[in-house]
Amino acid sequence: MSVETTLTGTEIRARFLDFYASKGHKKMPSSSLVPHNDPTVLLTTAGMQQMIPYFLGRETPPAVRMTSSQKCFRTTDIDVVGNQRTLTFFEMLGNFSVGDYFKRDAIAFAWEFLTQVVQLPAERLHPTVHPEDPEATEYWRTIAGYPDEAIVRLEDNWWGPPGASGPCGPDSEIYYDRGEVYGCGRADCKPGCECERFLEIWNLVFMQYYQDLDGTRTPLPRQNIDTGMGLERLTMVLQGKESVFDIDLFRTIIDHFASITHTTYGADPKKDTSLRVIGDHARSLVFLAADGVLPSNEGRGYIFRRILRRAVRHGKLLGLDRPFLAEAADTVIDLMGDYYTELKTQRERITQILSLEEKKFSQTLTTGLTLLNEQLNALKQRGQTVIPGEDVFRLYDTHGFPIELTSEIAAEQGFTIDTAGFEQSMLQQQERSRAGAGNNYTHTKDDLRVLTTVLDRVGTTTFLGYDGVSGTGKVLSIVVDGQEVESISAPQEATIILDRTPFYAESGGQIGDRGDIKSETGNFYVQDTQRPLKGLIVHYGQLNEGHLSVGERVQTDVIGQRRDDTIRNHSATHLLHKALRNLLGTQVQQRGSLVEPERLRFDFSSPRPLNSADLKKIDAEINQWIRNNAAVNTKIMPIQDAMETGAMALFGEKYDDLVRVVSMGSSIELCGGTHCRSTGQIGSYITVQETSIAAGIRRIEALTGRAAEEYLRQRREALDSIAGTLQVQPDQVQTRIEQLLQELATARRQITHYQHNEAVQQVQSLVQQAQDIADIPVITARVTAADAKVLREMAEMVRAKLQRPGMVVLASEQGERIALHVSIDPTLNKRGLHAGKIAGEIGARLGGKGGGRPDSAQGGGKDIAALPAALDLVPDLIRDNLR
């Protein structure tokens, strides 16, 4: 079946990209696995995702012909990864035309690449087309020489968004015939059959229509080409392998772990499954981490955590009881880092993230597996095969054991889980925790659909906010509950779209502006400003008075003081970023930020925590830059020119060809936010907290301007108050506190010495009070003890002074309760006396409880009056339990 077995996956990728470059295509780098400007999906699932804005005409493409190898991640089949076919992470080879060539050239290019560049036998290639696409059929006849009857028509050869609006069109899939040995034996076996014989390797999509929400299709003004071919699948065909896991892009990883676990891939089906899981998940984790995804309990961070935990579990099944994911990451990086260079530059960070998360989960896995196996054994004994939902939830909620792992392990042993019961338990917990939660503006798919229609009709919003906080504009659209309306009346809540606005939409960590939109007939208060779609600024809020209609002219006023406080924090964030890189090195990268009026928050990669000396140095440097009062300059320039100036870009962010560069002193960053005119406007800067938020990620919270002044004022008042209490000057507070702490330590030592002497005196007296019960010396007494620790020490001292193995029960009044301690010689434990059980009985009589070890236990209760009767229980408790 193989034609050129010496080609590696890396070489096949290069041949594809070079071929299309020779046909006038611009090589495009893979976009991030974290989709840019698309809140509807968690991760990039296809090569065409980065092309959608070009296909829709919303952005100008860098070239009308493009080609790429796109990193992709699909989550629908995570639980079955480990079979011979399913992957989470894969590479999608693609070529794209934006209004340039169409069906004829797309088919001709594909045919030339397959038959001439990688030299697949033409007789093994079988095209399929949509039944209503005679053009594609004709091109396959004339270009590849296929007779009409050899071109298979399939109804599902159609690409488009089901039930949604967007570009769509017929497609043509190319299948590879693996041979009759893989077939079903039926005479009508052909491409599209569910057997293993015909393998789809390439899909050529002809985008020629736009589909409305009602299903109506109209021809696009510009026809586009989008093709996709899985690199791993093509490599499998070219290398003549049975499975994608047999190609070099996987076997390097699989063979490494087979070696260190002393097994051979292909010898044991169960171990093969685990090796395939590690092979796939190791690649996924490395690329997710490189694109800035961090483990968390929601969204893409949960996907990261889920596959990491699955990999760790399969490592344990292979006998790997030590951390191994960093080793797996190194293998992946060595294998794929030459093309994806970001893997090598972030090697240390990637391995650190995986190691820390693996270490955290290992104990959870051990505990969870033990509890789950106990549960499964109990169910087996009762003849049941369904794990109750509340038990699944308890594993998840109390012990952090993922439901997906519970379900997978249960299925391996013939069990299922009560999913409905789990979801009900989860819902109940969410309802309990929802109390007090605030409202946030989020965009549903319906909202995005309506806003997309608005954007297509009215175009992008002109932003005036770089030059001021006021302006005038025109109401272009009003949206209420996901529907466009012509007008609103007070006190309706709505979304307002204007042709121009000074309101900054939340972006790049800077929160959205608030303020007023006023017309001659009404006043709309803007509670938040967002940019749900590129180029569209929307104002969320409520009409406080009057009414407002589409088409009205309005006055727009941002709350000036709020904006001023925000820009101080934003400019200070840039200075902080620069100071951190000066201190820790250029490997520091921004991982997130929050810029709001009250404070700034900055997340950054760092190999270590920052100590107080580091923070002092950072504060000093930033405040010096503020005093220098350097001008804040902005400039629009090509991104390549910007990067050559040394401008810092946000990690994982996608930028347009033209970018806005903000510089202040030696700080140069790509940024679309609002800023001070000069650094002196920041006023002052104070770091108030530095913490860890994830593996290798630190967070700094800081204050500037008015908030910094208020912080210092409160600290000054607190210091003055403490100085007054201590009757010293503020600059003498630390010395006085140190003196008082020394005096306190001395006093505590004296008290401890006094308590010990008092206890010794009581011990001498108590030893004389021993009574024989069943030939055992027993002492029960009410004593004076400062705390439970002293009480325990007294009981142990008394028992140690008894001439024979005995038992001591001491009680002490401490505040509004009785504390109790029971001490029994260990030799008496064998005769049935248990200190924990006796403490429990006495504690219950006191209205409380007790428990502990067989030889030493504690208890107590609040019923002080019941103490004499409780101590009188001791003789009977001894006789009842003594063997």
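**Figure 1. Contacts and extent of the whole protein chain.** Among contacts in the protein chain with a separation of 6 or more, 67% join residues 24 or more positions apart; contact means heavy atoms within 4.5 Å. This is a predicted model: local features need pLDDT of at least 70, side-chain atom pairs count only at pLDDT 80 or more, and totals for chains, interfaces and linings use all residues. Residues are numbered from 1 along each chain as its sequence is written, and side-chain values use heavy atoms, with hydrogens and water left out. The protein chain holds 25 helices and 34 strands. Helices (H or I, at least four residues) and strands (E, at least two) are DSSP runs, numbered from the N terminus. Along the principal axes, the C-alpha atoms fill a box of roughly 115 × 75 × 55 Å.

Figure 2. Of the 883 residues, 49% are buried. Buried means under 20% relative accessible area, exposed means over 50%, and partly exposed lies in between (1.4 Å probe, protein chains only). The protein chain exposes about 41,000 Å², and carbon and sulfur atoms supply 47% of that area. Accessible areas come from the Shrake-Rupley method with a 1.4 Å probe; for residues, only the protein chains shown count as cover. There are 97 positive and 115 negative charges, and their mean positions are 5 Å apart. Lys and Arg count as positive, Asp and Glu as negative; His and the chain ends are not counted. Each charge is placed at NZ of Lys, CZ of Arg, CG of Asp or CD of Glu.

Figure 3. Helix 7 covers residues 269–290. Its 22 residues should span 32 Å at 1.5 Å a residue, and the end C-alpha atoms are 32 Å apart, which agrees. The expected span is 1.5 Å times one less than the number of residues. Helix 7 is mostly covered, with 18 of its 22 residues buried. Asp268 caps the N-terminal end: a side-chain oxygen lies 3.0 Å from the backbone nitrogen of Lys270. After helix 7 comes Gly292, with a positive phi near 90°.

Figure 4. Arg347 belongs to helix 11 (residues 347–381). With a relative accessible area of 25%, Arg347 is partly exposed. Leaving out residues up to four places away in sequence, Arg347 touches Asp330, Ile333 and Asp334. Its side chain makes a polar contact with the side chain of Asp334 at 2.8 Å. A polar contact is a pair of N or O atoms within 3.5 Å; within protein, one must be able to donate a hydrogen and the other to accept it, and residues adjacent in sequence count only if both atoms are side-chain atoms. Ala326 is 21 residues from Arg347 along the chain, and their C-alpha atoms are separated by 9.5 Å. Thr370 also sits in helix 11. Its relative accessibility is 40%, so Thr370 counts as partly exposed. The C-alpha atoms of Thr370 and Ile201 are separated by 44 Å.

Figure 5. Ala490 and Pro491 are joined by a cis peptide bond, with omega about 5°. Pro491 lies in the loop between strand 15 (487–489) and strand 16 (493–498). Gln119 is not a glycine, yet its phi is positive, about 55°. Its loop runs between helix 3 (103–117) and strand 4 (125–129). Asn629 is not a glycine and has a positive phi of about 55°. Asn629 is in the loop between helix 17 (612–628) and strand 24 (632–638).
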